[in-house]
Amino acid sequence: MVGAEITPFHFITLGLTLFFIGICGIILRRNIIFVFISLEVATNGIFLIFFGASLKVGYISQALVLVFMAIAAVEVAVGLALAIAIFRTSKTVNVDEVSQLKG
Amino acid sequence: MNLESILFFIFAGASIISSVMAISRRQPIFGVMYLLVLGLSVAGLFAVKKAFFLSLIQIIIYVGAVLVLFVFVIAMMNLSKEELIFGKIRRSRFLFLIPVMLIFILILSVVISESGHNIQRFQFFTAKDVSLALYKDLLFHFEYLSVFLLSAIVITVFIGMRGKKQ
């Protein structure tokens, strides 16, 4: 697998590793800022997966990476606005303590 | 080992180490700084395969815009040390086994699908080709994205106004 040439397989495996690290961060951390940082790590993994696919299928996959970058920017903007709103109302950044929506 | 694979493994190691560091810090600002290293190394990985346009967009959007947003939010929250001291691990230590299994299955499927296909190779990705793909093949995504960004602006302003009134 560690050959002379870099194949889509390398990019996809690296992207899956980053995605896994990000999902572990989302599950294990309690600070809401770190949840968003882990989400960004996972998003970067997705970029790498689609970029690796673009080595095989061409430009469409790479243009999809651009679309995903814009979606990730939207997600971060809305998410951090929500984080500030949560911090204003409940004065905490611990996601376990924010449980007003529990039925 | 040619230059391309050496650069790939350097950037891959940097991205994995920096992502592990980013999710394991205690102070959020250090996590954001390691996220910056991750964004730059992912841009380097794009540049290894000669996708310079995508690499520049990655630097401009991620390192330029998103991380500045993170830094602003951390500065606005102004967390004290007591608020940052709660344990790193959430409820169960074994919850992470779920993504481990998921990733194992995904890597297995990639390995299976990779074997026995001849790969069509693309050598050079220019801004023209990517833009043409964006306007021809992904026109719906492009228009959908504009509405999506508009709705994000409206939602963010709405949430900010509500917080101010209270």
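Helices (H or I, at least four residues) and strands (E, at least two) are taken as DSSP runs and numbered from the N terminus. In the predicted model, local features need pLDDT of at least 70 and side-chain atom pairs count only at pLDDT 80 or more, whereas totals for chains, interfaces and linings use all residues. Residues are numbered from 1 along each chain as its sequence is written, chains are lettered from A and ligands numbered from 1 in the order in which they are written, and side-chain values use heavy atoms, with hydrogens and water left out.

**View 1. Chain B and its seven helices.** With contact taken as heavy atoms within 4.5 Å, residues 24 or more positions apart account for 62% of the contacts in chain B that have a separation of 6 or more. The predictor's confidence in each residue is given as pLDDT, from 0 to 100, and its mean for chain B is 81, with 81% of the residues reaching 70 or more. Within this chain confidence is lowest in α4(B), at a mean of 62, and highest in α2(B), at 91. Where pLDDT is low, the predicted coordinates should not be read in detail.

**View 2. Chain A and its three helices.** Of its 103 residues, 61% count as buried, and among contacts in chain A between residues at least 6 apart in sequence, 54% join residues at least 24 apart. The chain averages a pLDDT of 86, and 94% of the residues score at least 70; among its elements, α1(A) has the lowest mean pLDDT (88) and α2(A) the highest (91).

**View 3. The contact between chain B and chain A.** The contact takes 85 residues from chain B and 76 residues from chain A. The area buried between the two chains, that is, the accessible area (1.4 Å probe) that two parts lose on being put together, summed over both, is about 7,400 Å², of which carbon and sulfur atoms give 78%. Between chain B and chain A there are four residue pairs in polar contact (both at pLDDT 80 or more), a polar contact being a pair of N or O atoms within 3.5 Å, where within protein one must be able to donate a hydrogen and the other to accept it, and residues adjacent in sequence count only if both atoms are side-chain atoms. The elements that give two or more residues to the side of chain B that touches chain A are α1 (3-24), α2 (28-48), α3 (52-77), α4 (81-84), α5 (97-114), α6 (127-136) and α7 (139-165) of chain B. The largest share of that side, 13 residues, comes from α3(B).

**View 4. B:Ser15 in helix α1 of chain B.** B:Ser15 counts as buried because its relative accessibility is 0%. Leaving aside its neighbours within four places in sequence, B:Ser15 is in contact with residues of both chains, namely A:Leu14, A:Leu18, B:Leu38, B:Ser41 and B:Leu45.

**View 5. A:Gly15 and A:Ser54 in chain A.** A:Gly15 is found in helix α1 (residues 8-28) of chain A and, at 0% relative accessibility, counts as buried. Residues up to four places away in sequence not being counted, A:Gly15 touches A:Gly45, A:Leu48 and A:Ile49, and the C-alpha atoms of A:Gly15 and A:Leu48, 33 residues apart along the chain, are separated by 4.9 Å. A:Ser54 has its place in helix α2 (residues 32-57) of chain A; this residue is likewise buried, with a relative accessible area of 0%, and its side chain reaches the backbone oxygen of A:Phe51 at 2.7 Å.

**View 6. The salt bridge between B:Lys49 and B:Glu4.** A salt bridge is a side-chain nitrogen of Lys or Arg within 4 Å of a carboxyl oxygen of Asp or Glu, and by this rule the count comes to one over all chains. B:Lys49 forms a salt bridge with B:Glu4, the closest N and O atoms being 3.3 Å apart. B:Lys49 lies in the loop between α2 and α3 of chain B and B:Glu4 in helix α1 of chain B, so the pair ties together parts that are 45 residues apart in sequence. B:Lys49 is buried, with a relative accessible area of 11%.

How values were computed: Buried means under 20% relative accessible area, exposed over 50%, partly exposed in between (1.4 Å probe, protein chains only).
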